[in-house]
Amino acid sequence: MTSSTAPDTPETTNPLRVAVLGAQGRMGKTVCDAVEAADGLELVARVDSGEDLATVLERSKAQVAVDFTVPSVTEANVHALIDAGVHAVVGTTGWDEASLGRLSEHLQRAHNGVSVLIAPNFSLSAVFAMTLAAKAAPYFESVEIVELHHPDKVDAPSGTARHTAAAISATRSAAGRGSSPDATETGHEARGAVVDGIHVHAVRLRGLTAHEEILLGNPGEQLSIRQDSFERTSFMPGVVLAVRKAPSRPGLTVGLENLLEIG
Ligand SMILES: NC(=O)C1=CN([C@@H]2O[C@H](COP(=O)(O)OP(=O)(O)OC[C@H]3O[C@@H](n4cnc5c(N)ncnc54)[C@H](O)[C@@H]3O)[C@@H](O)[C@H]2O)C=CC1
Ligand SMILES: O=C(O)C1=N[C@H](C(=O)O)C[C@H](O)C1
């Protein structure tokens, strides 16, 4: 209360109107529950495949849309959101330099204050694992990534592993650290994928949800940085934070670490 004569009424603001794309999926359902439970957010649309996104956005008057769909459709969804003036919070994987470039160009051209946050992983454990691994990587001769997921996942390596490899590669290059030693002459296919110069191994196993281990080695010592998402609720605080911050962060942001200011 600012004045002794003013009535003691609580401040009221309109809730932020949120649409969820991929609402019938594993993540989409969890996001719908989290939005419904969050103070200051209102779930105004549950969208899944076969629906016309532009029509739904117009009817629901959504201000922010959360996309957990599939890699083959997420880019088109985000371009449609920019055209509709709706902020986007994106967890779907499959983004690369070319598709991110097209997005930046569209945002500049649209010049409408829309924000797009793309986060390969919304869990705090994954964000800290990636950040710590990138900081440690220049100090170790060897580094490899193992990502482990449920067998219904359609893409490999995971978006998280790709983001981790990119971050590790950047800090190692900046420090003048060369590639990890490796005398392999035969059986290269058994050494996993190579992402930004880092070996990445993908495990798909019933019973798993989403996990990542970064292994760093020096003569006589090893550092293992491991994160485990046992349940999809682990991603929700990050998603809700990103939705809340969306209206105040115009432009493209890649990685939840940038919202936490630990990147
Ligand atoms: N960033 C993060 O923290 C996380 C990211 N993911 C990623 O999120 C994505 C979704 O994962 P899941 O929920 O496990 O997949 P899912 O297969 O269970 O769900 C995808 C949903 O999208 C729907 N869909 C397909 N085309 C659509 C369209 N054009 N419009 C609206 N909906 C459409 C499908 O019908 C399905 O219901 C994946 O790329 C996954 O890697 C998953 C977990 C955490
Ligand atoms: O498909 C999943 O489940 C997940 N996908 C994201 C990824 O590819 O990194 C995030 C998390 O690992 C779960």
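This section describes the ligand shells, annotated sites, nonpolar core and backbone geometry of a predicted model.

The shell around ligand 2 consists of Thr93, Pro120, Asn121, His149, Lys153, Ser158, Gly159, Thr160 and Ala210. Six of these residues are polar, two are nonpolar and one is charged. In the UniProt record, an unreviewed entry, the annotation "binding site" covers His150, Gly159 and Thr160. Gly159 and Thr160 are also listed among the residues around ligand 2.

Histidine 150 is placed in the loop between β6 (142–149) and α6 (159–174), whereas threonine 160 lies in helix α6. Their surroundings were compared through counts of C-beta atoms. For histidine 150, 14 other C-beta atoms lie within 10 Å, and the residue is therefore classed as partly exposed. For threonine 160 the count within 10 Å is 25, so this residue is classed as buried, the threshold for burial being 20 or more. When residues up to four places away in sequence are not counted, histidine 150 touches Leu208 and Thr209. With the exclusion of residues up to four places away in sequence, threonine 160 touches Pro120, Asn121, Ala126, Glu147 and Glu212. Pro120 and Asn121 also belong to the shell around ligand 2.

The loop between β6 and α6 also contains proline 157. The peptide bond joining alanine 156 and proline 157 is cis, with omega at about -10 degrees.

In soluble globular proteins, nonpolar side chains tend to be buried together. The largest nonpolar core of the model has 63 residues, and the members that touch the most other members are Val18, Ala19, Val20, Val66, Val89 and Val239. Helix α5 (residues 124–136) gives the most to this core, namely six residues. At least three residues of the core come from each of domain 1 (16–118 + 234–259) and domain 2 (124–179 + 190–230). Contacts of alanine 19, not counting residues up to four places away in sequence, are made with Val44, Ala45, Val47, Val56, Leu57, Ser60, Ala62 and Ala65.

UniProt, in an unreviewed entry, lists residues 128–260 under "domain: Dihydrodipicolinate reductase C-terminal". The chain over residues 128–260 is 29% helix and 30% strand, and its end C-alpha atoms are 10 Å apart.

Positive phi values were found in residues other than glycine, including lysine 61, with phi near 55 degrees, and histidine 111, with phi near 50 degrees. Lysine 61 is located in the loop between α2 (53–60) and β3 (64–67), and histidine 111 in the loop between α4 (97–110) and β5 (115–118). Lysine 61 has 11 other C-beta atoms within 10 Å and is therefore exposed. Histidine 111 likewise counts as exposed, because it has 8 C-beta neighbours inside 10 Å; the limit for this class is 12 or fewer.

How values were computed:
Residues numbered from 1 in each chain as written. Chains lettered and ligands numbered in written order. Predicted model: local features only at pLDDT ≥ 70, side-chain atom pairs only at ≥ 80, totals over all residues. Near = placed C-beta within 6 Å. Nonpolar A, V, L, I, M, F, W, Y, C, P; charged D, E, K, R; others polar. UniProt positions renumbered as here; feature names shortened; annotations may be inferred. Helix = DSSP H or I, 4+ residues; strand = E, 2+ residues; numbered from the N terminus. Contact = placed C-beta atoms within 7 Å. Core = buried A, V, L, I, M, F, W, Y, C linked by C-beta atoms within 7 Å. Domains from an automatic or database assignment.
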